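Subject: Structure handover

Hello,

Here is the structure we talked about. Please load it before reading on.

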Amino acid sequence: MGLGMQWWICLTAVLLTPSSWALAQGAGHPDKGPNPDEPAIHDYVLTMDKIKKYAEVAKRLEAAAKSDPAMDAEMKKIEEADVYNVDKAAMMEKSPRLAAALNRSDITAREFVLTPLTAFTAAIGIAAEDAKKQPPAYINPSNIKFVRDHKEALEKLNLFEPAWDKSSPGKRKEEKEDDKPDDQ
């Protein structure tokens, strides 16, 4: 999987909204009331079919955004919106090009948003369990088990790798320079 695909998967999994990190840490938008992402994440059950479909669609959307400035603009607008993830799914449904692309791919905006987010939060649940702590209540134990059981397959899809570090042009240049022998 190319670096651009890794970036897109991480973008949708982690940077789908600035509240993703806050959600992962148990916070949210305190001024907006209860976090509607939490019950959505809890009730969403992961499967490998959902994960694979998400990865395929993300790859297609990445390619579409590269060749279609209007699609790219729609995606950036949603990415930059300071709203909950369930609200971002609603925004996707109203974005002409993005909604059409998701519809053609037979995936709902809600599935496209919740699949990586639920997998990511399940990974946080695993980290909590490994540290002998209780995972946040919004993380469904069945999703924690799913991510544990499918760790290798998820790693092959680079679903959890912080690829934005690797995909930035400056970082790639640094990595190439670091790979050269010292005598050059």
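This is a predicted model: local features need pLDDT of at least 70, side-chain atom pairs count only at pLDDT 80 or more; totals for chains, interfaces and linings use all residues.

Residues are numbered from 1 along each chain as its sequence is written, and side-chain values use heavy atoms, with hydrogens and water left out.

Salt bridges

The structure holds nine salt bridges (a side-chain nitrogen of Lys or Arg within 4 Å of a carboxyl oxygen of Asp or Glu). Side chains of opposite charge can pair when their charged atoms come close.

One of them joins Lys76 to Asp72, with the closest N and O atoms 3.2 Å apart. Both residues sit in helix H5 (residues 69-80), four residues apart, so about one helical turn separates them. Helices here are DSSP runs (H or I, at least four residues), numbered from the N terminus. Lys76 is partly exposed at 41% relative accessibility. Asp72 is also partly exposed, at 24%. The accessibility classes are: buried under 20% relative accessible area, exposed over 50%, partly exposed in between (1.4 Å probe, protein chains only).

Helix H9 has a pair of this kind too. Lys145 and Asp149 form a salt bridge at 2.6 Å, N to O. They are four residues apart in H9, so again about one helical turn lies between them. Asp149 is partly exposed, with a relative accessible area of 48%.

Arg148 and Asp130 meet at 2.8 Å, N to O. This pair links distant parts of the chain: Arg148 is in helix H9 (residues 141-149), Asp130 is in helix H8 (residues 109-130), and they are 18 residues apart. Arg148 is partly exposed at 36%, whereas Asp130 counts as exposed at 51%. Glu129 joins Asp130 and Arg148 in a network of salt bridges.

A loop residue

Is Asn158 buried or exposed? Asn158 is buried, because its relative accessibility is 12%. Asn158 lies in the loop between helix H10 (151-156) and helix H11 (164-167). Ala55 is 103 residues away from Asn158 in sequence, but their C-alpha atoms are 9.5 Å apart in space.

Helix packing

Two packed helices are described by the angle between their axes and the distance between the axes. Axes are lines fitted to C-alpha atoms, for helices over the stretch in contact, and angles run from 0 to 180 degrees between N-to-C directions.

The axes of H4 (residues 48-67) and H5 come within 5 Å and cross at roughly 120°. That makes H4 oblique to H5 (under 35 degrees is roughly parallel, over 145 roughly antiparallel, 65 to 115 roughly perpendicular, the rest oblique). Leu61, Ala64, Ala65 and Ser67 in H4 meet Pro69, Met71, Asp72 and Met75 in H5, where contact means heavy atoms within 4.5 Å. By class, the H4 and H5 contact has six nonpolar, one polar and one charged residues. Ala, Val, Leu, Ile, Met, Phe, Trp, Tyr, Cys and Pro count as nonpolar, Asp, Glu, Lys and Arg as charged, and the others, Gly among them, as polar.

H6 (residues 85-94) packs on H8 at about 145°, with the axes 8 Å apart. Asn85, Val86, Ala89, Met92 and Glu93 in H6 meet Ala109, Arg110, Phe112, Val113 and Leu117 in H8. That contact divides into seven nonpolar, one polar and two charged residues.

Best regards

Technical notes:
Helices (H or I, at least four residues) and strands (E, at least two) are DSSP runs, numbered from the N terminus.
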